[in-house]
Amino acid sequence: MEQLPRIGGRQVVLRPITEADTHHIVTWRNTPSVVQNFIFREPFTEEMHRHWLATKVASGQVVQYIIEEKETGRPVGSVYFRDVDPQNHSAEYGIFIGEADARGKGYGTETARLFTEFGFAKLGLHRISLRLLAENLSARRSYEKAGFVQEGIFHDMVLLDGRYRDIVFMAKLAKE
């Protein structure tokens, strides 16, 4: 895979993840305000992240970036495409803003726009899908602003914290 570019926006800069980002990822992924929006909720370790980098990212099955505040250069979260399928030109989108004071500033929406444009233009994707917990309304609004549309709701799909939760599926297609 060729060298991945940095992606600049108005408020954020996206850069390819490196092993040096492990501490940030592990810290963010174990923060309760981040964990509550994930379906996978097991404690996340440095070993798990390094394995993810060595197997999924290194093989191209995952394309992962760090979100930085443009003004300060501070890492505030991560965005990725997982299950990249070169045959069907599709991938699943994921994002989290790990720094609490960086939420609610539009970073997630801008990142979604920038990263999906990158996925279509540079990675040759045609379809980018995502899934989220139905109660995560702020994420849903952000995804809609970035051009994702709801495709369906799977009721009681996962059991989290002792109760069943609905999962919303959304997608965005490349402009024909």
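Predicted model: local features only at pLDDT ≥ 70, side-chain atom pairs only at ≥ 80, totals over all residues.

Me: Why is Asp-161 called exposed?

Reply: The relative accessible area of Asp-161 is 62%, and exposed means over 50%, so the label applies to Asp-161. Asp-161 sits in the loop between strand E7 (149-160) and E8, and phi of Asp-161 is likewise positive, near 55 degrees, in a residue that is not glycine.

Me: What makes the buried residues of H5 line one face of the helix?

Reply: The buried residues of H5 are Ala-139, Arg-140, Ser-142 and Tyr-143. Seen down the axis of H5, these buried residues fall within an arc of 160 degrees, so they line one face of the helix. They pack against E5, H4, E6, E7 and E8, and H5 is followed by Gly-147, whose phi is positive, near 100 degrees.

Me: What makes a set of residues a nonpolar core, and which members of the largest one touch the most others?

Reply: The members must be buried residues of the listed nonpolar kinds, joined through side-chain atoms within 4.5 Å. The largest nonpolar core has 31 residues, of which Phe-81, Tyr-93, Phe-115 and Tyr-143 touch the most other members. Among the elements that give two or more residues to this core are strand E2 (12-16), strand E8 (163-173), E3 and H5, while H4 gives the most, with 6 residues. In soluble globular proteins, nonpolar side chains tend to be buried together.

Me: Which residues is Phe-115 in contact with, leaving aside its neighbours within four places in sequence?

Reply: With those neighbours set aside, Phe-115 is in contact with Ile-7, Leu-14, Val-63, Tyr-65, Val-79, Tyr-80, Phe-81 and Tyr-93.

Me: How many residues line the largest pocket, and which are closest to its centre?

Reply: The largest pocket has a volume of about 1200 Å³, and of the 41 residues that line this pocket, the closest to its centre are Asn-37, Phe-38, Ile-95, Phe-96 and Tyr-143. The lining divides into 20 nonpolar, 13 polar and 8 charged residues. Elements that each supply at least two residues of the lining include helix H1 (22-29), helix H3 (46-59), strand E4 (75-85) and helix H5 (137-145).

Me: What makes up the lining of the second largest pocket?

Reply: About 160 Å³ of space lies in the second largest pocket, which is lined by 12 residues, with Leu-4, Ile-17, Val-57, Ala-58 and Val-62 nearest its centre. The lining residues divide into 9 nonpolar, 2 polar and 1 charged. H3 and strand E3 (63-69) each supply at least two of the lining residues, and H3 gives the most, with 3 residues.

Terms used. Residues numbered from 1 in each chain as written. Heavy atoms only, no water. 1 Å grid on protein atoms, 1.4 Å probe; cavity = no way out; pocket = protein on both sides within 12 Å on 5 of 7 lines; lining within 4 Å. Points joined across faces, edges and corners; volume = space filled by probe spheres on them. Helix = DSSP H or I, 4+ residues; strand = E, 2+ residues; numbered from the N terminus. Nonpolar A, V, L, I, M, F, W, Y, C, P; charged D, E, K, R; others polar. Buried < 20%, exposed > 50% of the residue type's maximum accessible area, 1.4 Å probe, protein only. Contact = heavy atoms within 4.5 Å. Arc of directions from axis to C-beta.
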